[in-house]
Amino acid sequence: MDYKDYYKIVGVDRDASQQEIKRAYKKLARKYHPDVSKEVDAEARFKALGEAYSVLKDPEKRAAYDELGANWKAGQEFRPPPDWGRGFEFSGSGVHAEDAGAYSDFFESLFGQGMGPQAGAGTRQGFNARGEDHHAKVQVDLEDTYKGASHGISLRTPELDNSGHVITKNRTLNVKIPKGVRQGQKIRLSGQGSPGHGNGGAGDLYLEIEFRPHSFYRPDGKDVYVDLPLTPWEAALGATVKVPTPDGPVDMKIPAGTSNDQKLRLKGRGIPGSPAGDIYVVAKLTLPPASSDADKEFYKKMQQDLPYNPRGHLEV
Amino acid sequence: MTKKILSGTLLDEQVHLSLTEFCQACSSGTEWVIELVEEGILEPSGEESSRWSFPGNSLSKAQRARRLQHDLEINLAGVALALELLDEIEALRSRLLRKEHLNE
């Protein structure tokens, strides 16, 4: 397992005061909070930050972590020293970042399984209590929302066994993905959460839809964007070209004089619904390579016969 | 062996949840949801709380509110402001994407 440099993650020196650590953490937490940040790795960074802070904010854990020494480098192969942690007593629990997965192996090897954010989840139920709701993300293809589909999804649920240890249970569910579903929407499956206690019913399972990144479609709400490479003559003279859509290819009329990055709309071809979204086709002008002598001759002829100055407005 | 296909409810703007259902769906107490309504973060239809009806898509908003409140330790007024600004940024981003050179 890899060594984690908690000081580096929080962005402070090893001799930083508790106050400095708190300030640095708060600043980064606001920056990388997954509900605020647009950065792709925000969620992973926020989790790592929460883990680092849960150790550094707690003087007992911080002292134990410091005991490992300052010579480790982030990412270095790590084994806890055999006598490490002796004489330390950990009292607090981990942070409570909601939805945070289990902490890293590195954290668990140092502070034990019982200290992570999932420990204790689901144990605070009274007697006739309704089972807990579960939340999970499910990745689907954009095509699935056009046709509707059913997906086998695997879920890992931490549960307590009879002796009170946390075990991870795997289960697979076959779930219908309704037509017209959009990124971030939720599907509720009644009774698929944790079983209830006593007379309480089972909790529900909430699945959040996430589109698997596609090599050329970019969904935005109900709409879908696709880049369409065009030759200079297609853009200048107009043409009818085949455009892919998740429903199958369509013929699209490119108007004469289309410019680069111009958006052309295929009305109602976006994600189905009432009303359905649109597809925006973004024109991307490409140049044929001038690799052979004949190609070069052709470009030279254009240079002579086609007077064109794209830099006129720059006044140079 | 073929497994049974489960059909869930898509929680979009067409689905409406009562206060009790809504609280259950975001595993929170009634008071917290009432606070969100008083702060203007959630806008259920219906006059009294017993007749409130929440559109399904407001569930995500409540969950975002809770994560922000909890993870960043901000009060609900601050959460309301953050959510409004985030929505505005999102709308501007979308508009920018759409308007840029759009020429039909």
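The pLDDT is the predictor's confidence in each residue, on a scale from 0 to 100. In this predicted model, chain B has a mean pLDDT of 86, and 90% of the residues of chain B reach 70 or more. For the complex, the predictor gives an ipTM of 0.74 together with a pTM of 0.65.

**Where chain A meets chain B**

- The contact between the two chains involves 29 residues of chain A and 28 residues of chain B.
- On the side of chain A that touches chain B, at least two residues each come from helix H2 (18-32), strand S3 (166-177), strand S4 (186-189) and strand S10 (263-266) of chain A.

**A strand pairing between the chains**

- Strand S4(A), which is one of the elements supplying residues to the side that touches chain B, pairs in the antiparallel sense with strand S2 (residues 9-10) of chain B, and this pairing runs over 2 bridges.
- Within S2(B), Leu10(B) is the residue that stands opposite Ile187(A).

**A hairpin within chain A**

- Strand S8 (residues 239-243) and strand S9 (residues 250-254) of chain A run antiparallel, and they are joined by 5 bridges.
- Val243(A) stands opposite Val250(A), a residue of S9(A).
- The hairpin of S8(A) and S9(A) has 6 residues between the strands, and in this hairpin Gly248(A) takes a positive phi near 115°.
- As background for reading such strands, the side chains in a regular strand alternate between the two faces of the sheet.

Note on methods. Residues are numbered from 1 along each chain as its sequence is written. Chains are lettered from A and ligands numbered from 1 in the order in which they are written. This is a predicted model: local features need pLDDT of at least 70, side-chain atom pairs count only at pLDDT 80 or more; totals for chains, interfaces and linings use all residues. Two residues are in contact if their C-beta atoms, placed from the backbone, lie within 7 Å. Helices (H or I, at least four residues) and strands (E, at least two) are DSSP runs, numbered from the N terminus. Two strands pair if DSSP finds at least two bridges between them.
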